[in-house]
Amino acid sequence: MGSDTDRHFIERMHWDDVARRIGDGAVAILPIGAAAKQHGFHLPLNTDRIQAEWLAARMAEKIDALIWPTLTYGHYPAFTEYAGSSSLSISTFEAFVREIAGQILGSGCPKLLVLNTGISTLAPVDRALARLDGERIRHLWIHEGPRYPRVARQLAEQGHGSHADELETSLMLAMAPHLVDMARAEASPALIRETPGALTPSDPNSPNYSRSGCYGDPTRATAAKGEALLAAMLDDLHEQAATFIAQGTPEQRRPVSQSVLR
């Protein structure tokens, strides 16, 4: 991302320019993506933030939106045994999201798209936003929509996964290949049984043991898979955003299936 996106990220703008864009009716995007969350040996801790800001920039170009600074701390309890990984309590995170989103709406932006790269953050964000003006807010999860899940099922070769795995690593190979060290990619152990709870790097007897921190098999990732996944993801996000901006009524979120990382 370079100077061509500077007119979308408010942190790179002057306040009066932001005010002028809001007055012209610009929609706001609030990305949520961890900057301190382990992603195996082969991906950086700010993987979620990179994805959130990359996707937000593409969406903003499409709808000429303003992007607020990414919320880089969140509720990520599944990873706290790994060095550098941080997690807020649910109550703190919900209050954080609610206050920031409320301030964005209070600034005069007609509508707000909250772009969420997490899994454990989905329910807290839903609860936080439920206390605000629902007709002006849409919570977007990057893996939601008809296209992305279908393409993911077609491409995935791994037996299980949901974190720093084949799919997420493929996305990063397409977005930021210089940050991916495939020589260090390491699959998590074969799944004995899926058990909700935190991953652990220290207890080989745990069903959630992962020395690297992955849950899945990143060694199967390719940039070509990432390009296909990104195309589907962006089509889903653009469609959902356009529908919300045109109609102004957020859709009811369908239940999200349980996973080991909840």
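**Note on the sheet and a helix pair**

1. In β4, Arg-138 is the bridge partner of Leu-113. This pair belongs to a predicted model.

2. The strands β3 and β4 are part of an open sheet of 4 strands. The order across the sheet is β2-β1-β3-β4, and the pairing is parallel. The edges are taken by β2 (66-67) and β4 (137-141). Each of these edge strands has a single partner strand, so one side of each has no neighbour in the sheet.

3. Is β4 mostly covered or mostly uncovered? β4 is mostly covered, with 5 of its 5 residues buried. The residues of β4 point two ways: Ile-137, His-139 and Trp-141 one way, Arg-138 and Leu-140 the other, and all are buried. A student can set this beside a general rule: in a regular strand, side chains alternate between the two faces of the sheet. Note that Arg-138, the bridge partner of Leu-113, is among the buried residues.

4. Strand β1 (residues 28-32) pairs with β2 in the parallel sense over 2 bridges. β1 also pairs with β3, again in the parallel sense, over 5 bridges. Ala-28 takes part on both sides: Ala-28 stands opposite Leu-66 in β2 and opposite Leu-112 in β3.

5. Why is β1 described as largely enclosed by the rest of the structure? The reason is that 5 of the 5 residues of β1 are buried. One side of β1 carries Ala-28, Leu-30 and Ile-32, the other carries Ile-29 and Pro-31, and both faces are covered. From β1 the chain crosses through helix α2 (residues 47-63) to β2, in a right-handed β-α-β crossover.

6. The last point concerns two helices. The axes of α6 (residues 166-175) and α7 (residues 223-247) come within 7 Å and cross at roughly 90°. α6 is therefore roughly perpendicular to α7. On the α6 side, the residues in contact are Glu-166, Leu-167, Ser-170, Leu-171, Leu-173, Ala-174 and Met-175. On the α7 side they are Ala-223, Lys-225, Gly-226, Glu-227, Leu-229, Leu-230 and Met-233. By type, the residues of this contact between α6 and α7 divide into 9 nonpolar, 2 polar and 3 charged.

Definitions and conventions: Residues are numbered from 1 along each chain as its sequence is written. This is a predicted model: local features need pLDDT of at least 70, side-chain atom pairs count only at pLDDT 80 or more; totals for chains, interfaces and linings use all residues. Side-chain values use heavy atoms; hydrogens and water are left out. Two strands pair if DSSP finds at least two bridges between them. Buried means under 20% relative accessible area, exposed over 50%, partly exposed in between (1.4 Å probe, protein chains only). Axes are lines fitted to C-alpha atoms, for helices over the stretch in contact, and angles run from 0 to 180 degrees between N-to-C directions. Angles under 35 degrees count as roughly parallel, over 145 as roughly antiparallel, 65 to 115 as roughly perpendicular and the rest as oblique. Contact means heavy atoms within 4.5 Å. Ala, Val, Leu, Ile, Met, Phe, Trp, Tyr, Cys and Pro count as nonpolar, Asp, Glu, Lys and Arg as charged, and the others, Gly among them, as polar. A crossover is right-handed if, with the strands pointing away from the viewer, the path from the first strand over the helix to the second runs clockwise.
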